[in-house]
Amino acid sequence: MIELEHLHKVYSAHEGSHHALHDVSLSIADGDVFGIIGQSGAGKSTLVRCINLLERPTSGRVIIDGIDVTDYQGKQLRELRGSIGMIFQSFSLFQQRTVLANVTFPLELRREGKEASRKCALELLDVVGLADKAQRYPSELSGGQQQRVAIARALANNPRVMLCDEATSALDTRTTVSILNLLGEINRDLGVTVVLITHSLAVAKRICNRVAVLDEGLVVEEGPTVQVFANPQSSVTRELIENDSLETAGGQPVAPADEETDELRSKAAQPSLHLPVSLSALSGAGNGQPAGSVGNQPVAAGMTAEGKGE
């Protein structure tokens, strides 16, 4: 379980301070698909980055499985981040590396054997449906395929939690649905807790079992997704519902989970994903990462923690 207790985050600048989070307290149970929704600037990304300590809260506590990890440093911090995968809106792939080499990167950082890493990466690409793209480069892939590569790379550390920072915002409707289906399968079949940031109520309705609504750094509403949207208690939530067209950039609604086709329902009825056996056999699987990585996101020269060029 992830417990956030009375988190505050204040950024200081020459012109004054900015209070990004105000006394945020949330509990995310193992196996949840937990949505954090709100308008731009609400504090969503700041909040989710406090979970793996990419952002250090100014005050408050981050507790995972009953252990206060807020002040973790060094090896403890690397091990924590190794258990928490993260994917971004921008995909953050290494353009000069093949798809296969992108997925093996975190395994290379752990100094796993070359052949073992290659085998594991190929199996992970099969999990996300891209086994036939292993030797392609990111520039040769569609946006949805690039996000699948990013998901495979995040899975390489056998994470217990997956943080998704607007992971579908840059995708068209059909691709958004396919990525949400994949995340749902990862949650259901692999037991990975998913924390998803989105400004789209349609996305939250489709995949999340619980949501929290943020506004100007405050949690204004939190609870089961159906309950929050059916009976909103805050004016902010009501405004989001009124203003949201339930459309993605493609111009078509993202169908809620209860409107999936019979084929998708049938597929969801039984587990279909399995992590590669070779992954659990690797010496560092699930045990964190060496310096040079942030969460499951590699950081190279000229790149920020978000994986974007400076």
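## Strand pairing in the open sheet

Ile2 faces Ile64 of strand β4, in a model that is predicted: local features require pLDDT of at least 70, side-chain atom pairs count only at pLDDT 80 or more, and totals for chains, interfaces and linings use all residues. Residues are numbered from 1 along each chain as its sequence is written, and side-chain values rest on heavy atoms, with hydrogens and water left out.

Strand β1 (residues 2-13) pairs with strand β4 (residues 59-64) through five bridges in the antiparallel sense. Helices (H or I, at least four residues) and strands (E, at least two) are DSSP runs numbered from the N terminus, and two strands pair if DSSP finds at least two bridges between them. Four strands make up an open sheet with antiparallel pairing, in the order β2-β1-β4-β5. The edges are held by β2 (16-28) and β5 (67-68); each has a single partner strand, so one side of each lacks a neighbour in the sheet.

## The enclosed strand β6

Five of the five residues of strand β6 (residues 84-88) are buried (under 20% relative accessible area, against over 50% for exposed and in between for partly exposed; 1.4 Å probe, protein chains only), so the strand is largely enclosed by the rest of the structure. In a regular strand the side chains alternate between the two faces of the sheet. In β6, Ile84, Met86 and Phe88 are buried on one side, and Gly85 and Ile87 are buried on the other.

Strand β7 (residues 161-165) runs parallel to β6 and is joined to it by five bridges. Met162 of β7 is the bridge partner of Gly85.

## Salt bridges

Nine salt bridges are found in the whole structure, each a side-chain nitrogen of Lys or Arg within 4 Å of a carboxyl oxygen of Asp or Glu. One of them joins Arg61 and Glu5 at 2.9 Å, N to O. Arg61 belongs to strand β4 and Glu5 to strand β1, so this pair ties together parts 56 residues apart in sequence. Arg61 is partly exposed at 37% relative accessibility, and Glu5 is partly exposed at 26%.

A salt bridge also connects Glu108 and Arg97 (3.0 Å, N to O). Glu108 lies in helix α3 (residues 99-109) and Arg97 in the loop between β6 and α3, 11 residues apart. Arg110 and Glu112 form a further salt bridge, with their closest N and O atoms 3.3 Å apart. Arg110 is buried at 11% relative accessible area, and Glu112 is buried at 11%. Salt bridges with shared partners join Glu5, Arg61 and Asp68 into one network.

## Overall composition

The protein contains 11 helices and 12 strands. Of its 310 residues, 52% are buried.
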